[in-house]
Amino acid sequence: MVSASHVLDRVLVLEMVRVTEAAAIAASSWIGRGDNDAADAAAVEAMRAALNELPMAGTVVIGEGERDEAPMLYIGEKVGCSNGDGPAIDIALDPLEGTTITANAGPNALAVLAIAEKGCLLNAPDVYMEKIAIGPGYPEGTVSLDKSVADNVRSLAAAKNVKPHEIIACVLDRPRHDPIVAELRALGCGIKLIPDGDVAGVIATTDQDTGVDIYLGTGGAPEGVLAAAALRCVGGQMQGRLVFRNDDERARAERWGIEDLDRIYSMEDMAKGDCIFAATGVTDGSLLKGVKRQRGGTTTTESIVMRASSGTVRRVSTAYHKPV
């Protein structure tokens with residue numbers, strides 16, 4: 001049982017929803033307009049402004065990149081309006097998870113955010129991460145990055161008491177995942193290929209309505225931490241292993257204090273203690289409905305907010321009756 005954090009009690013759960021709503025609404029103005037950068041910039045600016053209204057001493061540990069690469073919400077940036085005397089909060093965020101999705105009006109774009117007490121979120125470098133995740137209700141160790149794709153599917157199928165070909169896997173649609181897809185096809189598994197948005201892909205393993213049993217593949221390490229925070233709140237298993245493509249990326253990891261470059265991170269390594277995860281839909285998806293602008297100026301949003309200590313999952317529908 002995760003102990004409740006009195007520090008997080010001072011940053012109300014619903015305040016996190018207001019932050020992700022602000023980013024989602026701002027990004028929604030760019031849906032289908034083919035401009036990735038403009039959509040991302042709008043979400044970043046709106047999320048930063050909303051965070052700076054909260055009475056906390058927040059530090060961005062997963063953000064838009066290192067300071068010289070990102071003008072706002074960079075790793076290490078201080079946010080909040082407490083002048084440093086509020087509760088110390090670590091923040092992992094992606095103001096627009098799915099910039100290309102948004103630009104192309106595709107499904108499952110989200111504004112996402114996770115918070116925890118200082119030191120409880122992995123400060124992962126902006127590199128790739130190999131990931132595997134399943135939902136709750138299975139014996140510990142059911143899946144592992146040390147196993148092959150086929151062995152993980154067989155192990156999960158046995159735990160679920162089904163045949164391997166009945167397992168549905170979610171995989172990012174990327175050429176680098178062709179070997180994974182080939183192994184899954186050889187087993188006869190169903191595959192849900194997604195164009196982007198692996199936070200939503202990981203969370204899909206926890207929702208029976210999606211039909212997804214397992215998430216497999218390599219995506220961004222920052223998104224891995226966000227997904228781990230979400231799973232901590234609702235249960236499940238996840239592992240991640242950083243992937244380095246060159247010496248520059250290895251050097252970046254060493255600058256962040258990572259010594260074991262081959263380490264397999266558990267879900268608890270990436271997000272420990274009490275934590276809160278919030279997401280708001282930008283475009284319609286399997287997890288959340290997207291932002292809707294109606295006649296008369298009303299804007300509606302759908303969000304989800306979870307907390308590890310209570311195991312609660314709240315779905316929040318909001319209607320803004322004034323233009324936003």
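## A glycine in helix α8

Is G224 buried or exposed? This is a predicted model, and in it G224 comes out at 0% relative accessibility, which is under the 20% cut-off, so the residue counts as buried. G224 sits in helix α8.

Setting aside neighbours within four places in sequence, the contacts of G224 are M129, K131, M238 and M270. As for where G224 stands relative to G311, the two are 87 residues apart along the chain, and their C-alpha atoms are separated by 20 Å.

## The nonpolar cores

Let's turn to the core next. The largest nonpolar core has 51 residues, and the members that touch the most others are M238, L242 and F277. Which helix gives the most to this core? That would be helix α8, residues 221-234, with nine residues. In general terms, nonpolar side chains in soluble globular proteins tend to be buried together.

F277 is worth a look of its own. Leaving out neighbours within four places in sequence, F277 is in contact with V112, L113 and A114, with V199 and I203, with L226, A229, A230 and C233, and with I304, V305 and M306. Another core lies apart from the largest one; it has 35 residues, including A39, A50, L73 and L96.

## Helices α2 and α3

Now for a helix pair. Helix α2 covers residues 13-28 and helix α3 covers residues 36-51; they pack at an angle of about 155 degrees, and their axes are 7 Å apart. How do the two helices run relative to each other? An angle over 145 degrees counts as roughly antiparallel, so that is the label for α2 and α3. The crossing of α2 past α3 is right-handed.

On the α2 side, the residues that make the contact are V19, T20, A22, A23, A26 and A27, and they meet A39, A42, A43, A46, M47, A50 and L51 of α3. Sorted by class, this contact has twelve nonpolar residues, one polar and no charged.

## Helices α5 and α6

Here's a second pair to set beside that one. Helix α5 (residues 149-160) packs against helix α6 (residues 178-187) at an angle of about 45 degrees, with 9 Å between their axes. That angle makes α5 oblique to α6. As α5 passes α6, the crossing is right-handed.

Which residues make this contact? From α5 they are V149, A150, V153 and R154, and from α6 they are I180, E183, L184 and L187. By class, the contact of α5 with α6 has six nonpolar residues, no polar ones and two charged.

## Two positive phi values

Next, a bit of backbone. L73 has a phi near 50 degrees, a positive value in a residue other than glycine. The residue lies in the loop between β1 (57-62) and β2 (78-79).

Is N161 buried or exposed? With a relative accessible area of 71%, N161 is exposed.

R307 is in strand β13, residues 299-307, and is buried because its relative accessible area is 10%, under the 20% cut-off. R307 and E183 are 124 residues apart along the chain, with 36 Å between their C-alpha atoms. E183 is one of the α6 residues in the contact with α5.

P87 is in the loop between β2 and β3 (88-97), where at 5% relative accessibility P87 counts as buried. From P87 to I132 the C-alpha distance is 33 Å, for 45 residues in sequence.

What about R295? R295 sits in the loop between β12 (292-293) and β13, and is exposed, with a relative accessible area of 86%. The C-alpha atoms of R295 and D260 are separated by 55 Å, and the two residues are 35 apart along the chain.

How values were computed. Residues numbered from 1 in each chain as written. Predicted model: local features only at pLDDT ≥ 70, side-chain atom pairs only at ≥ 80, totals over all residues. Heavy atoms only, no water. Core = buried A, V, L, I, M, F, W, Y, C linked by side-chain atoms within 4.5 Å. Buried < 20%, exposed > 50% of the residue type's maximum accessible area, 1.4 Å probe, protein only. Helix = DSSP H or I, 4+ residues; strand = E, 2+ residues; numbered from the N terminus. Contact = heavy atoms within 4.5 Å. Axes fitted to C-alpha atoms, helices over the stretch in contact; angles between N-to-C directions. Parallel < 35°, antiparallel > 145°, perpendicular 65-115°, else oblique. Left-handed = near helix turned anticlockwise from the far one by under 90°. Nonpolar A, V, L, I, M, F, W, Y, C, P; charged D, E, K, R; others polar.
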